[in-house]
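Subject: Structure for your review

Dear colleague,

Please find below the structure that I am handing over to you. My findings follow directly after it.

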Amino acid sequence: MITSKRLAAGVCALLAALTAGIAFPVAAAADETTADAPKVDLVLDVSGSMRAKDIDGQSRMAAAKQGFNEVLDATPEEVRLGIRTLGANYPGDDRKTGCKDTAQLYPVGPLDRTEAKTAVATLTPTGWTPIGPALLKAAEDLDGGEGSKRIVLITDGEDTCAPLDPCEVAREIAAKGIGLTIDTLGLVPSTKLSRQLSCIAEATGGTYTSVEHTDQLTDRVNQLVDRAADPVVTPVATRGADACPKAPTLRSGLYTDREEFGQERWYRVEVPAGQELRASVSVAADRTVNPDYGALLRAVTVHGREIVRGEAAGNGRTDVISTGLRYPKPERDDDDSDKPDTETVCLQVTNSFSAASGVKVTPGMPLELTVDVVDGPSDASDVASFGLGRGWWLLGVLILTGFLAGLVWGWLSRWRVAVWRTN
């Protein structure tokens, strides 16, 4: 009897172990899928000013709720969506308490549309406008995973919790290199508000939109949520050195870094014989800078000899400046058998931006570097090998056409004059 019970217990334990062995890999696979899913955190201003009735005859809060309900209905299944509020809970006058008033209304994860709509329906315009603290918490909401991360901030007023400047907060978030984008929507056509929201968006490569109607709000938020679901190439965070020997070695890909005003950053790339290095760099002025600036990208040997350079200049009309270069590494000849197959090329990125008065210089400005090592072009197929490429042929055809047209026109003119004189 005892033997039978032990046998039964052993069989049950074995079945349980097998079941667990089958179940755990499935759960692990599900976790991996969730980790790579795109994430969006909708950050909604629920401060007292949202009571104002100036959007299509209804209050700003009512317009936001209507827009949210339509957005929740249209959210793609693969998007992990959350909702965070600011100024929704504390109605008092204590500034210190009011500037902590931000809460996660609906956690970032698989969307239960009914539950999310119910949570939004309970919101009532209440307190302060702590945009900076809300952005910091929203970044924590989206922490982890490899998928795209996006914060959509919807507000009708400026931050009321300085000196925690939301623009500086956005720059700090971008400096972490976690690939998080902040898009902003302003519900009031205000110059000061648009300046602050534009600064927040530009710091992370996002967009700013001024919204004055409910349908505009719905359409724009839908676009941003759908954009999060689109596949994107996330730049790899790297850290350039102050000299080539200490620089990180990069492969083909997209990289992001931070560069201070007037600083130079170095990177290394291995270029095999018969291959071509193509590199481009963009430096963004995510804060107010003085006009007249430039960016320089140089490719040099490990001994410091310049191979090729690309440079660009700006005068304040744009806040992003880009340049690039190409370097084809020739195939090895028989006489070069003693030379290495691969050459180490040092890339130097330098900028001549200068900070405007009173502007913080840290963290550095966002820098995006693209590196491609591809098969080198042959002399016959490279359109740049003749300087103008096929442009020479076009230029020749145009010259010949112009010459023949001139002859014909001259002959016709003389014939018409001769006929006129005869008549």
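In this predicted model, A63, A64, Q66, G67, E70, V71 and A74 of helix α2 are in contact with T214, L217, T218, V221, N222, V225 and D226 of helix α8; contact means heavy atoms within 4.5 Å. By class, this contact comprises seven nonpolar, five polar and two charged residues. Here Ala, Val, Leu, Ile, Met, Phe, Trp, Tyr, Cys and Pro count as nonpolar, Asp, Glu, Lys and Arg as charged, and the others, Gly among them, as polar. The axes of α2 (residues 60–74) and α8 (residues 214–229) come within 9 Å of each other and cross at roughly 35 degrees. Axes are lines fitted to C-alpha atoms, for helices over the stretch in contact, and angles run from 0 to 180 degrees between N-to-C directions. The crossing is right-handed, a term used if the near helix is turned clockwise from the far one by less than a right angle.

As to conventions, residues are numbered from 1 along each chain as its sequence is written, and side-chain values use heavy atoms, with hydrogens and water left out. Because the model is predicted, local features need pLDDT of at least 70 and side-chain atom pairs count only at pLDDT 80 or more, while totals for chains, interfaces and linings use all residues. Helices (H or I, at least four residues) and strands (E, at least two) are DSSP runs, numbered from the N terminus.

The protein chain has nine helices and 16 strands. Of its 423 residues, 41% count as buried; buried means under 20% relative accessible area, exposed over 50%, and partly exposed in between (1.4 Å probe, protein chains only). Among contacts in the protein chain with a separation of 6 or more, 75% are between residues 24 or more positions apart.

The six-stranded sheet

Six strands form an open sheet with mixed pairing, in the order β3-β2-β1-β4-β5-β6; two strands pair if DSSP finds at least two bridges between them. At the edges stand β3 and β6 (208–210), each with a single partner strand, so one side of each has no neighbour in the sheet. On average, neighbouring strands of this sheet are turned by 15 degrees against each other, direction ignored.

Strand β1 (residues 39–45) and β2 are parallel and share seven bridges, with L42 opposite I83 of β2. The chain passes from β1 through α2 to β2 in a right-handed β-α-β crossover: with the strands pointing away from the viewer, the path from the first strand over the helix to the second runs clockwise. Towards β4 (residues 149–155), β1 has six bridges in the parallel sense, and L44 has I154 as its bridge partner there. β2 and β3 (residues 102–109), by contrast, pair in the antiparallel sense over five bridges, where L81 stands opposite G109.

Seven of the seven residues of β2 (residues 80–86) are buried, so the strand is largely enclosed by the rest of the structure. R80, G82, R84 and L86 point one way from β2, and L81, I83 and T85 point the other way.

Helix α8 lies across β1, β2, β4, β5 (180–186) and β6, and runs at about 165 degrees to β4.

D141 belongs to helix α5 (residues 131–141). This residue is partly exposed, with a relative accessible area of 22%. Leaving aside residues up to four places away in sequence, D141 touches D41, R84, Q104 and V108. D141 and K39 are 102 residues apart in sequence, yet 9.4 Å apart in space, C-alpha to C-alpha.

The five-stranded sheet

A further open sheet has five strands in the order β8-β10-β15-β12-β13, again with mixed pairing. Its edges are β8 (249–250) and β13 (306–314), each with a single partner strand, so one side of each lacks a neighbour in the sheet.

Strand β12 (residues 293–300) runs antiparallel to β13, and eight bridges join the two. A295 stands opposite A312, and Y293 has G314 as its bridge partner. The two strands form a hairpin with five residues between them, and G304 in the turn has a positive phi of about 95 degrees. Six bridges join β12 to β15 (residues 342–351) in the antiparallel sense, with C346 as the bridge partner of V300.

Eight of the eight residues of β12 are buried, so this strand is largely enclosed by the rest of the structure. Y293, A295, L297 and A299 lie on one side, and G294, L296, R298 and V300 on the other.

Yours sincerely
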